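Entries follow in the order I took them.

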Amino acid sequence: MKIAKLALAAGLALVAGMASAEVKVGMITTLSGGGAGLGIDVRDGFMLAVKQSGRDDIKVVIEDDQRKPDIAVQLADKMIQSEKVDVLTGIIWSNLAMAVVPSVTAQGKFYLSPNAGPSALAGKGCHDNYFNVAWQNDNLHEAAGAYANSAGYKKSFLLAPNYPAGKDALTGYKRFFEGELASEVYTELGQTDYASEIAQIRASDADSVFFFLPGGMGISFLKQYADSGVGLPVVGPAFSFDQGILQAVGAAALGVVNTSQWNKDIDNPANAAFVESFQAEYGRLPSLYASQGFDTANLLISAVESADVSDADAFRAALEAANFDSVRGDFAFGPNHHPIQTIYAREVVEENGVFTNKIIGVALENHSDAYAGECKM
C-alpha cells in the first residue's frame, strides 16, 4: 500500500511538472504614434521573459492598437474569435482598457494588464479573470501626495489629461496630500502646447506642481516649463520621468522627484538579472514599462507551469499565487487582483552622460489600492 501511494504521488508530481497545453496570448498594445515607446517597452519586456523561459508552448500574437479604442476593440474580437487566444494583455491606456477588458472577461478569457489600472476595474467592475500586474492607477499618485507632505509642500497646482487615468491620478494625489490645492486643471489627451497652463501656474500662489502627463505629453510640458522660468518644484509619478522619456526631456528633469514601484537599482537578484539581460538584448536601459511587461510574462509562465489554461479555476488559482520572482522583490495580489507593493521616491540624476533615476526613499510601503473593498468577486 505504501509503495502504491508513493507511486501515485510520483505520478501526480510528474503530471504537475509537465508542460500544459499550448497557451495562445493576444498582445494588443501601442506600437505607433504618440505613446508608442510605452507599448514597445511592454512588448520587449514581455517577449524577453518568454524567450528566457525557453518554453515553446506559449505563442504570442502582437497587434498595434494605434492608441484608438475602436481599433483595440476590433483587435480583441479578432483575437478571441479568429485567433482563439486564451489570454490577452498589452494595453497601455486606461480608456482602451475600459473599452476592451469587460468584453474580454465576459467571454471567459483572462486579461493580464501590464499597465493600465482604471479604478472602475479595481472596485465594482472587478472580475475574477482580470489581473493587474502593474498598479491601480491611483497608486503612484497617492505616493506622490505622501512624498509632497514629507517635502513640506502646502499648496499644489494639479495638472492631468482628461481621461480615466488622469482623473484617477488627481484623485490619488488628493487622497494623500494634506495641503491645499491652488488649482486643478484637466488638459486634452495628447496635448503638446502648455503655454496656457504654465501661465496659470505662474499666476497662482502654489508652492509646488503635481502633474501626470505620460509619454510625449510629459516631454512637451517639462521642456516648456523649464523654459518658462517659473521654478516651482515639480513632483509626479514615474510616467513622465521614465527611462525612455528622460533622454528626450534632458536636463530639464534633473532633480525632480517622482514615484515608482520599480527602478533599476532595486536590490534583488531577479532585478539585477533583468536589467543586465534587457540591455544585452535591446541595447538600452529598461524602463518601468519594460519591467511591467517582464513581470506580466513571468506571472503567466508561472501559471502555465502549474495549471492548464483550459481549467479556468486551476489557472486562476495559479495566477493568484503569483509564484514568480518579480523584479520588484516581494509581489502579491490583493483580493481584487491588484498588487500590494512598496512605492519608492526616485530622483532624476545624470550617470555617465545618461539621464536616469535613483531611489531616495520609500513613499508608501506594502500599499494596496483604495477600491478593493468595493470588489465583490
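**Entry 1: disulfides**

How many disulfides does a search of the whole structure find? I found one. My criterion for a disulfide was a pair of cysteine sulfur atoms within 2.5 Å. The disulfide joins Cys 126 to Cys 375, with S to S at 2.1 Å. I then looked up the torsion about the S-S bond of Cys 126 and Cys 375: it is about 90°, so the disulfide is right-handed. The pair links distant parts of the chain, 249 residues apart. Cys 126 sits in the loop between strand E4 (110-113) and strand E5 (130-132). Cys 375 sits in the segment after strand E13 (354-367).

Next I checked burial. I call a residue buried under 20% relative accessible area, exposed over 50%, and partly exposed in between (1.4 Å probe, protein chains only). Cys 126 is buried at 13%. Cys 375 is buried, with a relative accessible area of 13%.

**Entry 2: ground rules**

I noted that this is a predicted model, where local features need pLDDT of at least 70, side-chain atom pairs count only at pLDDT 80 or more, and totals for chains, interfaces and linings use all residues. Residues are numbered from 1 along each chain as its sequence is written, and side-chain values use heavy atoms, with hydrogens and water left out.

**Entry 3: the whole chain**

I counted secondary structure as DSSP runs, numbered from the N terminus: helices are H or I of at least four residues, strands are E of at least two. The protein chain has twelve helices and 13 strands. Its radius of gyration is 21 Å, close to the 21 Å that the globule rule gives for 377 residues, so the chain is as compact as a globular protein of that length. That radius is taken over C-alpha atoms, and the rule is 2.2 Å times the number of residues to the power 0.38. Along the principal axes, the C-alpha atoms fill a box of roughly 80 × 40 × 40 Å.

I also looked up burial for the chain: 56% of the 377 residues count as buried. For contacts I used heavy atoms within 4.5 Å. Of the contacts between residues at least 6 apart in sequence, 71% join residues at least 24 apart.

Charges came next. Lys and Arg count as positive, Asp and Glu as negative; His and the chain ends are not counted. I placed each charge at NZ of Lys, CZ of Arg, CG of Asp or CD of Glu. The chain has 27 positive and 44 negative side chains. The centres of the two sets lie 3 Å apart.

**Entry 4: positive phi**

Most residues other than glycine have a negative phi. I looked up two with a positive value. Gln 66 has phi near 55°. Gln 66 is in the loop between strand E2 (58-64) and helix H3 (69-83), and counts as partly exposed at 36% relative accessibility. His 337 has a positive phi of about 65°. His 337 lies in the loop between strand E11 (332-333) and strand E12 (339-351). Is His 337 buried or exposed? His 337 counts as buried, at 2%.

**Entry 5: His 127**

I went back to the loop between E4 and E5, where His 127 is found. His 127 is partly exposed at 27%. Leaving aside neighbours within four places in sequence, His 127 is in contact with Thr 105, His 337 and Met 377.

Thr 296 belongs to helix H11 (residues 288-304). Thr 296 is buried at 0%. Beyond four places in sequence, its contacts include Phe 46, Leu 112 and Val 133.

Leu 319 is in helix H12 (residues 312-321), and is buried at 0%. Its contacts beyond four places include Leu 112, Phe 131, Leu 300 and Phe 333. The C-alpha atoms of Leu 319 and Leu 300 are 7.0 Å apart, across 19 residues of chain.

Asn 149 is in helix H5 (residues 139-150). Asn 149 is partly exposed at 24%. Which residues does Asn 149 contact, leaving aside neighbours within four places in sequence? I found Phe 176, Phe 177, Glu 178 and Gly 179. Asn 149 and Gly 179 are 7.5 Å apart, C-alpha to C-alpha, and 30 residues apart in sequence.
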